[in-house]
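Look at the structure first, then read on.

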Amino acid sequence: MTPLPEQIDLLILPSWIVPVIPAGTVLAEHALAVNEGRIVGIITRTQAANVQARVRRELPGHVLIPGLINAHGHAAMSLFRGLADDLPLMTWLQEHIWPAEARWVNQDFIRLGTRLAIAEMLRGGTTCFADMYFHPEVAAEAAIEAGIRAQLAFPVIDNPIPGARDSAEATAKGLKLRDELQHNSLINVAFGPHSPYTVGDTTLANVRMLADELEMPVHMHVHETAGEVSDALAQGSQRPLQRLKTLGLLNPRMQAVHMTQINDEDLELLINHGVSVIHCPESNMKLASGVCPVQRLIDAGVNVALGTDGAASNNDLDMFGEMRTASLLAKSSTGLSTALTAHQALHMATMGGALAMGIAEDTGSLEVGKSADIAAVDLSALIHQPVYHPVSQLLYTCNASQVAHVWVAGREKVNAGQLILPDQDGLLAAVKQWSQQILERDEDHA
């Protein structure tokens with residue numbers, strides 16, 4: 001073990017540490033040492049007795065895990081939470097969400113909705129999120145202000161969108177944002193072509209060329225529904241994933257979101273090109289979009305990450321709920337009670353996301369040298385007792401409210417269940433004002 005500095009910034013002493021790497025490991029009676037925003041040691045309590053720390057945090061009954069990574073969402077859409085529920089995907093989009101976006105989305109909307117989403121995610125132990133929405137430069141400001149890690153995928157669509165007249169302008173603005181943020185240790189920028197059915201071949205070929213040249217991730221909805229695939233075939237085209245392969249877009253930087261429709265040929269493409277799949281079980285279930293065959297993907301060696309999607313289609317950003325749903329859905333859809341174990345689900349929600357985003361050297365597990373992105377979950381309450389297996393309790397008895405402490409790069413964001421963000425009262429008041437206006441207009445439209 002590398003000797004610790006003479007004095008460290010933070011020493012955390014929980015009942016259990018689940019580092020995620022090595023897989024399946026649970027450490028009892030250990031401590032985690034943090035200095036200058038990085039993990040510098042995982043040591044026994046006996047060793048910890050002699051460590052000098054500026055802050056020493058005793059957390060009996062708590063389990064320490066890597067900060068959760070929400071690998072797909074549309075943060076600002078938190079302002080549309082509950083606006084249109086119990087509807088099929090295209091009705092939900094065409095009759096409610098798209099009209100609402102056309103009416104309301106501007107920079108103020110993005111700023112407030114992203115702040116609301118970040119507050120919810122941090123409170124629930126999420127220390128990194130992937131966002132795909134309009135005005136990403138505004139979302140970047142909100143993320144930087146909150147001190148949360150983020151991948152911002154700037155949307156590329158052939159039609160006009162808020163903030164860009166066409167895909168060329170969206171790309172130019174997105175690359176400018178990348179240049180401005182390239183030295184920010186917490187924020188990465190990705191291409192966000194919306195989906196195969198909203199982006200043509202010429203635009204996708206340009207995305208591929210630029211993404212390859214700049215080694216940037218590509219984040220895209222792919223095979224979200226059976227209808228998407230059948231419509232593509234009816235139009236005389238290839239299956240969407242095969243089309244992306246033809247255009248050269250399949251590689252380890254591709255993040256294919258949803259993927260509820262996977263045949264044998266699709267699976268071979270994912271395996272051969274190292275594509276990551278982003279699973280959004282609750283959103284897919286709520287919109288009846290289909291079921292991603294997660295266990296089959298994992299068994300084949302495909303990296304699978306976990307995302308909530310936006311709060312407009314979920315309706316929360318609780319990654320604990322998402323892990324539990326993913327595990328139960330995998331079991332019920334396969335008929336195998338052994339499918340997607342608790343440890344596998346936690347890996348999806350941490351290292352899976354880090355691998356997909358290309359940031360696994362910095363986050364996704366509790367390992368010496370990595371950023372101190374950490375969540376402490378309180379398992380001391382009656383509802384969690386007895387605690388035979390802490391990771392099982394995380395999956396099957398916990399939700400976001402059990403998160404007690406959160407650190408991003410060693411900076412505390414939640415302390416004893418209290419969010420450390422400025423002007424939370426002002427945030428709530430502004431959300432209430434916006435929601436009243438949005439609801440009135442949606443009812444008029446309906």
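In what follows, Ala, Val, Leu, Ile, Met, Phe, Trp, Tyr, Cys and Pro count as nonpolar. Asp, Glu, Lys and Arg count as charged, and the others, Gly among them, as polar. By that scheme, the lining of the largest cavity has six nonpolar, one polar and three charged residues. The model is a predicted one.

## Cavities

Rolling a probe the size of a water molecule over the atoms shows where empty space is left. A search of the whole structure finds three cavities of 30 Å³ or more. The largest cavity holds about 100 Å³ of space. Arg 115, Ile 118, Ala 142, Glu 145, Ala 146, Leu 421, Pro 422, Asp 423, Gln 424 and Leu 427 line the largest cavity. Helix H3 (107-123), helix H4 (136-146) and helix H15 (424-445) each give two or more residues to this lining. The largest share, three residues, comes from H4.

The second largest cavity holds about 60 Å³. Its lining has 14 residues, and the closest to its centre are Gly 73, His 74, Ala 75, Asp 309 and Leu 317. H3 and strand E7 (126-132) are the elements that give two or more residues to the lining of the second largest cavity. By class, the lining of the second largest cavity has seven nonpolar, six polar and one charged residues.

## Pockets

The largest pocket contains about 610 Å³ of space. It is lined by 31 residues, and Leu 93, Trp 98, Glu 101, Phe 134 and His 194 lie nearest its centre. Helix H2 (residues 89-104) gives the most to the lining of the largest pocket, with seven residues.

The second largest pocket has a volume of about 390 Å³. Its lining counts 20 residues, of which Pro 196, Tyr 197, Glu 228, Asp 231 and Ala 232 lie nearest its centre. H2, helix H7 (226-234) and helix H8 (240-246) each supply at least two residues of that lining. H7 gives the most, with four residues.

| Pocket | Volume | Lining by class |
|---|---|---|
| Largest pocket | about 610 Å³ | 18 nonpolar, 10 polar and three charged residues |
| Second largest pocket | about 390 Å³ | seven nonpolar, seven polar and six charged residues |

## Helix H12

How far apart are the end C-alpha atoms of helix H12? Helix H12 covers residues 319-334, which is 16 residues. At 1.5 Å a residue these should span 22 Å, and the end C-alpha atoms are 22 Å apart, so the two values agree.

At the start of H12, a side-chain oxygen of Asp 318 comes to within 2.9 Å of the backbone nitrogen of Phe 320. After H12 comes Gly 335, with a positive phi near 75°. Buried residues in H12 are Met 319, Phe 320, Gly 321, Glu 322, Met 323, Thr 325, Ala 326, Ser 327, Leu 329, Ala 330 and Lys 331.

Is Thr 260 buried or exposed? Thr 260 counts as buried because its relative accessible area is 6%, and buried means under 20%. Thr 260 sits in the loop between strand E11 (254-258) and helix H9 (264-273). Its side chain makes a polar contact of 2.8 Å with the side chain of Gln 261. Beyond its neighbours within four places in sequence, Thr 260 is in contact with residues including His 223, Glu 224, Asn 284 and Cys 292.

Ser 371 lies between helix H13 (342-357) and strand E14 (374-378), and Thr 363 is found in the loop between H13 and E14.

Ser 371 has 2% relative accessibility, so it counts as buried. The side chains of Ser 371 and Arg 149 make a polar contact of 2.9 Å. Setting aside neighbours within four places in sequence, Ser 371 also touches residues including Gly 37, Ile 39 and Ala 409.

Thr 363 is buried too, because its relative accessibility is 1%. A polar contact of 2.8 Å joins the side chains of Thr 363 and Asp 373. Leaving aside neighbours within four places in sequence, Thr 363 is in contact with Ile 69, Arg 149, Met 351, Ala 354, Lys 370 and Asp 373. Arg 149 is 214 residues away from Thr 363 along the chain, yet their C-alpha atoms are separated by 9.7 Å.

Key. Residues are numbered from 1 along each chain as its sequence is written. This is a predicted model: local features need pLDDT of at least 70, side-chain atom pairs count only at pLDDT 80 or more; totals for chains, interfaces and linings use all residues. Side-chain values use heavy atoms; hydrogens and water are left out. On a 1 Å grid over the protein atoms alone, a cavity is a set of points where a 1.4 Å probe fits but cannot get out, and a pocket is an open set with protein on both sides within 12 Å along at least five of seven lines; lining residues have an atom within 4 Å of a point. Grid points are joined across faces, edges and corners, and a volume is the space filled by probe spheres set on the points. The expected span of a helix is 1.5 Å times one less than its number of residues. Buried means under 20% relative accessible area, exposed over 50%, partly exposed in between (1.4 Å probe, protein chains only). A polar contact is a pair of N or O atoms within 3.5 Å; within protein, one must be able to donate a hydrogen and the other to accept it, and residues adjacent in sequence count only if both atoms are side-chain atoms. Contact means heavy atoms within 4.5 Å.
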